[in-house]
Amino acid sequence: MSEQKNTSRDNHLRTRALVEGAVMVALATALSYIKLFELPQGGSICIGMLPIFLYCYRWGFSKGMLCSFAYAACCSCCWTVPMPGAGRA
């Protein structure tokens, strides 16, 4: 019976980590569109990585790296960079 309790608890923690990771990726994606300020050479400072850092601190390195990879994949799909010379007549 105790083995079944441990398995149930492990499944609960895995589900919790998965759901929390998805929420943190969504929150990081939303926060990445908010710029704190722009730098003169074209860069910007945003707080988009803060939820990912919090997730890494809470769940550890391996789960944090998986969450970071999911965030990077999401950002590469969401952000589009215009081609140089596009839109010119």
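Reader: Which element supplies the largest share of the lining of the largest pocket?
Author: This is a predicted model, in which local features need pLDDT of at least 70 and side-chain atom pairs pLDDT 80 or more, while totals for chains, interfaces and linings use all residues. Residues are numbered from 1 along each chain as its sequence is written, and side-chain values use heavy atoms, without hydrogens or water. A pocket is an open set of points on a 1 Å grid where a 1.4 Å probe fits, with protein on both sides within 12 Å along at least five of seven lines; lining residues have an atom within 4 Å of a point. Six residues of this lining, the largest share, come from α1.

Reader: Which elements each supply at least two residues of that lining?
Author: The lining includes Arg-14, Leu-18 and Val-25, as well as Lys-63, Leu-66 and Ala-70. The elements that each give at least two lining residues are α1 (2-31) and α3 (61-78).

Reader: How much space lies in the largest pocket?
Author: Arg-14, Ala-22 and Lys-63 are among the residues that line the largest pocket. The space in this pocket is about 180 Å³.

Reader: In what order do the elements of the protein run?
Author: The protein has three helices (DSSP H or I, at least four residues) and two strands (E, at least two). From the N terminus on, the order is α-β-β-α-α.

Definitions and conventions
Points joined across faces, edges and corners; volume = space filled by probe spheres on them.
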